[in-house]
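Could you have a look at this one with me? I've jotted down some points to read alongside the sequence and the 3D view.

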Amino acid sequence: MTVLSGDRGWASKEGYLVVENDSRLSSRELRRSGYLRPMSIRWDSLLVRHLAMELNTTLEGARVRAVRLDGRSRDLAIFFRDRTLLWRLHPDRGYPQVREAVEPDERDPRMKARVRRVHAPSDERVIVFELIGERRGIGPFELIVELLGNQLNAMVTEGPARTIRHVLKRREGRRPARVGHPYAPPPPTGRAGIAGDISGETWHGILDPSPPPDRAAELVRRVAWTSPLNATVFVDRHDMWVAAVRGTIDASPVILDTDRGSQPYPFSLPGLEGREVTSLLEAFETCAAEHAGAGDAAPSLSVSPGLLADLEDAAAHNERRVVRLQAQLDGREDPDTLRSLGDLILARYPEIPSGAKQATLSGFDGEQIEVALDPALPPHENAARFYARASRSERTAERVPSLLKRAQADLEQIRGVLEGARGGHVDEETIRDALPRTPVRSTRGDTPPSLPYRTFRSSGGLEIRVGRGAKHNDDLTFRHSSPGDVWLHARHTAGAHVILRWAGPGNPPARDLEEAGGLAALHSKARTSGSVPIDWTLRKYVRKPRGASPGSVLPDRVKTVFVTPDPDLIEALSNED
């Protein structure tokens, strides 16, 4: 057995190992042997700044096709023309990875923008991607990645007011992160030395009053660009801190071997073992591979989060089905006992008083038997109930074992596909084949029915559904929308119903509403007018009068927006890239 030194409290698979001798293993060796689980990345302001610089060099001018903010897995994906940046923002991970270019899912918000620059505010753990919209009057956008402790998050903002368009993890409190609200950046650290301008004398004035064990913590509290990762080194190396802050240090990326696992860093830290790498992105890729070895493979970007969620729901449904069928089988009553009780009730009919909840009867072998009864029923109907329970028990014994076996096989298959999907080893076609089939009404020629609407995507990433004609308007409004969605229609003229998908709270962003109104105008008989009034309200306030013709509805709590029909809007908002 390998015996580990316990001075750091190494965690094994079973708990903490007892110290028996002085043999030691590095944390990398511990991870390889399976005794130490790879930890999440620790971010400090120097690591964030250097990563932002590297991303700026790599991505400046790159065209963004779409973004994906998957709140279930806490993954951010930025789809570029020639690559994809996957950033795993779960607190247990935190690493960015460059992947090959893949086709975005139709539900991923389209951006159609270029990277102007990537930067990090001074002494902050925030990276900002500045994006320039490729359509006139759209943007500018910012993709903001917050790397604050275990509160990793990402959001897309628009305009000078930095209005949030999309958010990975909705947040309340002092810094709310909600769609339609302005972005509130983290409060500044207020630490001294942002420009690396603390003299050696001031440096010692900060540290000398504190006892040596507390100096690193005092440095982190008062001096910019310091962190628990580097403070123990900077305490005695003021010159190294100055060089790191002013950018004159030899920035050769490494993977540090810390007591919490592998840690990318922009330069070596004396006292810590480190492996040299060509870039920070390579360092993160290496750490991601180690984490994948611990059973946390990166997801397949070619699989949409919605389809993965459907697969997870199918697995959960089958798990409940297996549990339910097993419970039926385990709780099955003995049919012979039930029938004998029915026979006993009929044989001792005269001995059972009317309205009794139970009766003590002499069994056929002479023993006294207590029988529970329904006082509202006569004895012969109580006997019939026991016979019915016996029959149900026999039917359960006949059909449930085969159903349980089939459900267990289905569950095992779905779990296998789900594991493969999470690890990026299966494609969408395999996932769709694994999903349970839902009955579809047959149509002429066995052609599946098309959706009653066309789909567009607003510049803010919201889905817009436009009815395909009068006979499809009712279907769109009442069967393919949610109560909180926004319903729009050109006033006093024939036209398509339009649904702007909206999860609230409050009203949708003004420009998304205007673009949905523009589509409503273009799909109406007022498409050639200079200005078209578009009525809108929440879908839950739209009702269908009895006997009304197709497409005729009565909206309530209506508001109006005036739009100028622009034929180019249809192409601009099309979901096709």
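The points below go through the pocket, the cavities, a sheet and some salt bridges.

1. One thing to keep in mind from the start: this is a predicted model. Everything below comes from calculations on that model.

2. Let's begin with the largest pocket, which has a volume of about 1,000 Å³. Its lining is made up of 29 residues. If you want to find its centre on screen, look for Leu 69, Arg 107, Pro 109, His 166 and Ala 503, which lie nearest to that centre.

3. Which elements each supply at least two residues of the lining of the largest pocket? Strand E1 (63–70), strand E9 (163–167) and helix H8 (305–330) each do. As for the classes of residue in this lining, 13 are charged, 10 are nonpolar and six are polar.

4. Now for the cavities, where a probe fits but cannot get out. There are three of them with a volume of 30 Å³ or more. The largest cavity holds about 100 Å³ of space. It is lined by 14 residues, and Arg 110, Met 111, Lys 112, Arg 135 and Ser 459 are the closest to its centre.

5. Which strand gives the most to the lining of the largest cavity? That's strand E5 (residues 110–119), with three residues. Sorted by class, the lining of this cavity has five nonpolar, five charged and four polar residues.

6. Next, a sheet to trace by eye. Three strands make up an open sheet, in the order E11-E10-E12, and their pairing is antiparallel.

7. Strand E10 (residues 254–258) and E12 run antiparallel and are joined by three bridges. In one of these, Leu 256 has Gly 274 in E12 as its bridge partner. As a reminder, strands of a sheet pair through backbone hydrogen bonds.

8. On to charges. Side chains of opposite charge can pair when their charged atoms come close. Over the whole structure, a search finds 30 salt bridges. Take Arg 178 and Glu 172: their closest N and O atoms are 2.5 Å apart. Is Arg 178 buried or exposed? Arg 178 is buried, because its relative accessible area is 16% and the cut-off for buried is under 20%. Glu 172, at 44%, is partly exposed.

9. Another salt bridge joins Arg 221 to Glu 218, with 2.7 Å between the closest N and O atoms. These two residues sit three residues apart in helix H4 (residues 212–222), so about one helical turn separates them. Arg 221 is exposed, with a relative accessible area of 57%, whereas Glu 218 counts as buried at 14%.

10. One more pair is Arg 237 with Asp 239, where the closest N and O atoms of the salt bridge are 3.1 Å apart. Arg 237 is partly exposed at 33% relative accessible area, and Asp 239 counts as partly exposed at 47%.

Definitions and conventions. Residues numbered from 1 in each chain as written. Predicted model: local features only at pLDDT ≥ 70, side-chain atom pairs only at ≥ 80, totals over all residues. Heavy atoms only, no water. 1 Å grid on protein atoms, 1.4 Å probe; cavity = no way out; pocket = protein on both sides within 12 Å on 5 of 7 lines; lining within 4 Å. Points joined across faces, edges and corners; volume = space filled by probe spheres on them. Helix = DSSP H or I, 4+ residues; strand = E, 2+ residues; numbered from the N terminus. Nonpolar A, V, L, I, M, F, W, Y, C, P; charged D, E, K, R; others polar. Pairing = 2+ DSSP bridges. Salt bridge = Lys/Arg side-chain N within 4 Å of Asp/Glu carboxyl O. Buried < 20%, exposed > 50% of the residue type's maximum accessible area, 1.4 Å probe, protein only.
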